[in-house]
Each structure stands twice: as structure tokens, then as C-alpha cells.
Amino acid sequence: MRSLTQMRSAAKTVWECVRTVTGDNAYDRYLQHHEQTHPGTPPLTRTEFYDESMDQKWSGINRCC
Amino acid sequence: MSLAYFPGTCDYAQPPGQRLMLEPGGLVSSIGGQMANKILGIVLAIIAALAIGGIALYRNEPINALWIIVAAVCVYTLGYRFYAAWIAAKVLSADATRATPAERLNNGRDYVPTHRWVVFGHHFAAIAGPGPLVGPTLAAQFGYLPGTLWILVGSVLGGCVQDMVILFLSTRRNGKSLGQMAREELGPFGGLSALIGTLMIMIILIAVLGLVVVNAMKHSPWATSTVAATIPIAIFIGFFLRRIRPGRVLEGTLLGVILLVASVWGGGLINESATLRGWFDHAGPPLALAVIAYGWLAAILPVWLLLAPRDYLSTFLKLGVVALLAVAIIIMHPTLKMPAITQFIDGTGPVFTGKVFPFVFITIACGAISGFHALVSSGTTPKLITNEEDCRLAGYGSMALESFVGIMAMIAATLLDPGVYFAINTGTGIVGAAAVDAVQTISSWGFPVTVDQMQDLAKEMGESTLFARTGGAPSLAVGMASIFGTSFGRGLMSVWYHFAIMFEAVFILTTVDAGTRVGRFMVQDLLGQMWKPLGNTSSWPSTLIASTLIVAGWGYFLYIGVIDPNGGINILWPLFGISNQMLACIALSVATGIIIKKGKIRYAFVTAGPLAFLATVTTVAAFQKIFSADPKLGFFAAADDLATKLAAGSLPADRIASAPQLIFNQNLDGWLTVFFTLVLWFVIADMLRVAYCRLTGRAVPASSEAPYQPTKLNGTTGAPAHA
């Protein structure tokens, strides 16, 4: 049974990596960071965060030939 | 690779002590590991030598693509495990105890300590574009050998090194851009050159990529309707990701990819309907205008509406197709029908003119070494690096994978019958517009092809014709369709062909969008220095003016390329190659200057070697493009030749109208080449000046490196970045 638990945790790790590399969990990670650095202040909403991160992502060179 | 070495979550940095088993610094640093490392290295070197030897020597019989795949994988592994590790340790002195900007400046947004496999994915998605697909396809006219050797050697000794070193230097400097590093480490001239060079290459790049898409859509209702459908699909996903399910990228992307695949199938239905066909059956010039209008709109619309969702779709497709192609090539293991070396190494090639030296090195930029990567390596990626040693995987590793994409494109081009390859890639200006003339000329070169064979192939691919479909995309799509069709089902050839076209178009258009937008910001920055209000990126008049200027810039080159009877690509692609290699020379000059300033001149050859080689080939190529008296090769010679013919009245009637524009364009391209060459040598001179000052004890610009701070992300505390 131990190998099953290991496989499940490995699958979870891979899934979290996929979510991180695509930006799927960017808001969750932002909330976590906000909680730790600015506790007590209201965080951005999902849409506000999405807009802001899109503007930031596309203001520099991040795609190539 | 043991999963026990994989950290539990991705957003936490892994402790520096925790390395994968197969990497130096991990288990291999133990004595037994060193032994194992050496043995593995020797085994890999022997396999690589056998495979490359096999490729190079057995020229009398056709070789199997698996030889090339094996050689490539061994060469990349050797380069990554030994050369890159040596550079990181000795030349750069990568320090695992040093806090990176991601840790020191962590803001939860762009500066975030990120797991290195995630950084690798990010960086690969950012650098991988259509370049390594198109360049090798064009260079296949020399045979498979010159291009393949250059892709392998150029990447492990040049491109991968450039990407890793620039990524590392930018990480040491809090994620500064190449332009900032050039200005601070060399001087104001270096900085200005990098800025202007970047803007110019952006314009040429977008034009040439636009040309590739237009040529793929020309008189192809299936391709045009599929590519057109990607726009409403992207907009729908844009709304989905902002309004319906904000930020749920995976859901949105999955939905979008399903719609894109459906659009390929839908394009087939449109192709079969006589009335609908007409709506999407267009010549080059109107399609070029449509792409220009699209680029202008994409630059001014909010990013969430079109650019961001299109990029999610294109990144997903890109990674999926690269993986699928690798699997399919191994399943199919095709025999390469193109000879190892063709007679066109003498400079008489029909796809583009010029001898194998220096033009193979200009034609294949991305895939071997690409200056553009230095802009990405000094952009978002350095802000994600958790540990300086991760630069090796993200910088060197991503470029090795990109180079492998170039190898696969070379295989896809050379598995075609050479006659078919030349029939697709040769412009009507060279072999004539009539199919009978074209097959006769091409067969006379020793590459037999018949009209029936081309018609059958076109029918199989669902196209009306495949003659003179220049630009690289159609021949690559035929090659990819053969690979996918043979491996996964032959009945669907036309669907595979249009899937390949859609795949190329989607991420070319992403580059067009993103490039136009960045170009717009750069123009606004420049205009703002002249008159402040013009620099405001949220002001509508400024946005409209800057967007129009940048679109006019690349739109001009695109339109001229489309009306050129020789296909346009044979003018624009060398210009793009020269400008891209010029940018690589700027990046390598910055790196060499910094290494020398650090007092490590004995290691400077790591970047100075590729710099010397690239500067030589780029200058020789530029010299030929400027001074050659052959109108097929020299820009000015072509302008003079056309002007003489126009004055003598010996031009065919249909070419008289466009002749003055083509004459002007050839002259302009000639002067641009002069400009690129001068910038290239001025930057090298600037670097040599700094090196001379350093070596003779004179003053040099101070290092802009951020001061050392110890990392808190170590194995003993195991603390996350921002605890």
C-alpha cells in the first residue's frame, strides 16, 4: 500500500507543477503570499489579480521567434 | 530520477543541498558517483561519435532518422552534463549559497522563487517559436548534413551557452535586461545599440513570420478558414478566463484546444462547399493586409481579450505537438530521402541563394544560436530562479530542447522526396509559373518529380496545388503530416496537414501579437524621450500613433515580400538571420566583457569563441549580400538588375507595376544590412575597449552585480521563501 500512497503523492506533485507552470494556481499562490506579507489588508479579487498579472506579463519580451 | 528528490510543492524552493541524483553536486559528487559519471560520459561520447560518424560517412546509402535522433540526444546530454556544469562552476562561479533576486525581492507576482523544472517549462515556452521550424526547412536545400551538424555544434557550444550565461548574468543583476546590462557594463553606446538592434530585429522578425503565414494561407480555403477561426476562439477563451472562470487557465486552455481541433475539421467542411470556399480563397496581398490589420488591432486591444488567451492555446499546442512529433518520428523512424549534401552548397540553390558557408549559419539561427533568446533570458526568467545553479537547467537545458525541435524540423523536411521538397519551396520566379516547366527544371537538377505526383500529393493534403508554396510552412506541414499519418493513421492526411498549418499559424500569430505590442511599448518609450506625453502607454493618441508606426514598419516588409515573384522569403529570411545573429553578437559581447572584467580572461573563450565565429559568418554573409554582383545574391545588384530591365523594357507586363517598389526595397535591405554590420562591429569594438582598459589597469564601468547575501532557503531550515 505504501507504493500507492507514494504514487498518489507523486501524481499530486506533478499536477501542482503543471498548475504552476501554466499559471492556473497563480491566484492561490498570490493569496498565500499576501496572507504572509500583508495580513489584515484585503487582497485583490480574482479578476483584478488576473488583469494585473496579464498587463505585467505582456509588457515585456516573453515570446520569441 | 527518484521522486524522493522531488520537493513536495512547486512554489517552494528546493533546498540547495537537494539535487537530483543524476546531476553534479548531487550523488555524483561522491567518489563512486564521479566514477559513474565518467563511465556514463565515455559511453555517451562513444555512442555520439558512432552516430555522427555514421551520419557523416555512410553517404552512399540513405540513412535512417534514428541515427540523427541518437546523435542529437547524446550530444545534448554530454553538453549539459559536462560543458554546462563546467561553465557554471568555473566560468560563472554559480553559488548555491547566494540569495537570488527571486528570494530577496519576492513579491508574489513576477519575483517568485520557483521550482527549477517549472522555470525550465516557462523558459522553454518563452523561447520556442516558429524559428527552429522554418530555418532548418529552408536550409535542407543543402542536404541534411550541413544543417544538422550546425544545429548540434552551434547549440551546445554557442546557443545554449549564450542563453545560460545571459540568464545567469541577469539573475546576478536583479533581472536586468540585455540593454541595461550593455549600457551599465560596456557603456552608453552598447546600450543604445542593443535597444535599436532589438527594435529592428522585431520588425524584420514579425514581417518574415507574417510572410510564412500568408504563404501558407494563399489560395487555401481550408488553411485560411482554420486560421481565421482561431481569432474568435481566442476571444471566446479570453472572455471565459476573465468573466466566466477568472484565471482558471487549464480549464480555458483545454476548452480552447478542443475548439481549435474542431476548427481544423470544420475547415475541411468549408473546403468541400463550393460557396463557402469562395469566401476564404484569397491571393497573397489581401491576406497580407488582413494580417496587418489583425496585428494593429491586437496591439491596441486589452491583452486579456486576444493576446493572452491565444498565447495559452499556442503554448499548449506547441508543447503537445513537439512531444507528439518526437514520439511519431521514433515510431515511423523514416529514411531520409534528401542526399547528405546537394550540389546547391555551391550557392546556386533555388530556395535561397548563397553558398553553404556562410549561409547555413545565417539561415538556421533559432535552433543553433538565436540572439533573440538573450532578450527572454534577461526578461521574466531570471526573476524566477531560486538557486544560481538552476540557470543550467533553465538556460542550457531549454535551448538544447529547442535545438532538438530544429533537428525534428530538419528530419520532416528531408524525409520528403527531394523533388517534392524543391517543387514546394521554389518560387515561380525561378522555375516558372507553369507546373510542366517547374517539374522539368527541378528534374533536370537531378531530383525527379512529376506533375501527377504533385497533384496526387496536393489532393491527399486537401490543397489545390503545392507548387511554389514558399516560406517553409507548407513543406514542413507535408513532412509532419507524413510523420503523423504514417504513425497514427494514414486516412487523415489532409486533416494532419491542416492541423500542422494551424499549429504553425497559431504560434506565429502569437509572436506577431506579442512582438507588435512590445514594439509599441518600445516606440512609445523612444517617443516619450522626445516629447513626454507621447510616452504615456495608457494614453490613446500615443498608443494609436506608436502602434501604427510599428505595424507600418513590419507591414511594409510583409507586403513587399508577398508581391515579390521570387517568394519574398529568400530576401527576408537572410535579413532576419543577419539581424538575429547581430543580436547574438551583442549578447556574447556583453557576456565576454563581464567575464574579462571579473578577471577571468582565461575562460573568456567560452563566449568569445562563439562570438568570433558568429561575427565572422555574419560579416561574410552581410558582405556578400551587399557587394555581390549576382542579382540573386546581392541586394544592390538585384536593384540595379531590375532597374536596368525596367528601363530597357524587358520585364514581363505583370511585373512592371511592382518593379519600382521592389527596386526601392532591395536598396533598403542593402542599407539595413550595412547598418546591422556596423552596429555589430561597434559593439565588439566597445567590448574590446573595455577589455583593454581592464587588462591595462585603466578605469572600466563598475560591475552592476547585486551584492552577496546568503540565502535563507537552505536544507537545515527548509523554510519557504517568504515565511
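**Helix packing, core and chain contact in a predicted model**

Asn174(B) lies in the loop that connects helix 6 (144-172) and helix 7 (178-185) of chain B. Helices (H or I, at least four residues) and strands (E, at least two) are taken as DSSP runs and numbered from the N terminus. The structure is a predicted model, in which local features require pLDDT of at least 70 and side-chain atom pairs count only at pLDDT 80 or more, whereas totals for chains, interfaces and linings use all residues. Residues are numbered from 1 along each chain as its sequence is written, and chains are lettered from A and ligands numbered from 1 in the order in which they are written.

The backbone of Asn174(B) has a phi near 60°, a positive value in a residue other than glycine. With 18 other C-beta atoms within 10 Å, Asn174(B) is partly exposed. In this scheme, with C-beta atoms placed from the backbone, a residue is buried if 20 or more other C-beta atoms lie within 10 Å of its own, exposed if 12 or fewer do, and partly exposed in between. A positive phi, near 50°, is also found at His219(B), again a residue other than glycine. His219(B) belongs to the loop between helix 8 and helix 9 of chain B, and its place is just after helix 8. His219(B) has 16 other C-beta atoms within 10 Å and is therefore partly exposed. A further backbone feature is the cis peptide bond between Phe357(B) and Pro358(B), with omega of about 10°; Pro358(B) is part of helix 14 (residues 356-363) of chain B.

Helix 8 (residues 188-217) of chain B contains 30 residues, which at 1.5 Å a residue should span 44 Å, and the 44 Å between its end C-alpha atoms agrees with this. The expected span is 1.5 Å times one less than the number of residues in the helix. Helix 5 (residues 131-139) of chain B is mostly covered, with 9 of its 9 residues buried; among them are Leu133(B), Val134(B), Thr137(B) and Leu138(B).

Helix 9 (residues 221-244) and helix 13 (residues 307-332) of chain B pack at an angle of about 105°, and their axes are 8 Å apart. The axes are lines fitted to C-alpha atoms, for helices over the stretch in contact, and the angles run from 0 to 180 degrees between N-to-C directions. Helix 9 and helix 13 of chain B are therefore roughly perpendicular to each other, the class for 65 to 115 degrees, with angles under 35 counted as roughly parallel, over 145 as roughly antiparallel and the rest as oblique. On the helix 9 side, Ala234(B), Ile237(B), Gly238(B) and Leu241(B) meet Ala308(B), Pro309(B), Arg310(B) and Leu313(B) of helix 13. Two residues are in contact if their C-beta atoms, placed from the backbone, lie within 7 Å. By class, this contact between helix 9 and helix 13 of chain B has 6 nonpolar, 1 polar and 1 charged residues. Nonpolar residues are Ala, Val, Leu, Ile, Met, Phe, Trp, Tyr, Cys and Pro, charged residues are Asp, Glu, Lys and Arg, and the others, Gly among them, count as polar.

The largest nonpolar core has 238 residues, and those with the most contacts inside it are Ala423(B), Leu572(B) and Cys585(B). Helix 24 (residues 569-597) of chain B supplies the largest share of this core, 19 residues. A nonpolar core is a set of buried Ala, Val, Leu, Ile, Met, Phe, Trp, Tyr and Cys residues joined through C-beta atoms within 7 Å. Not counting residues up to four places away in sequence, Leu572(B) touches Ile204(B), Ala207(B), Val208(B), Leu211(B), Phe557(B) and Gly561(B).

Gly429(B), in helix 18 (residues 428-431) of chain B, has 17 C-beta neighbours inside 10 Å and counts as partly exposed. Ile69(B), in helix 2 (residues 65-91) of chain B, is partly exposed, with 19 other C-beta atoms within 10 Å.

The contact between the chains takes 35 residues from chain A and 46 residues from chain B. On the side of chain A that touches chain B, helix 1 (2-22), helix 2 (26-37) and helix 3 (46-57) of chain A are the elements that give two or more residues. Helix 3 of chain A gives the most to this side, with 9 residues.
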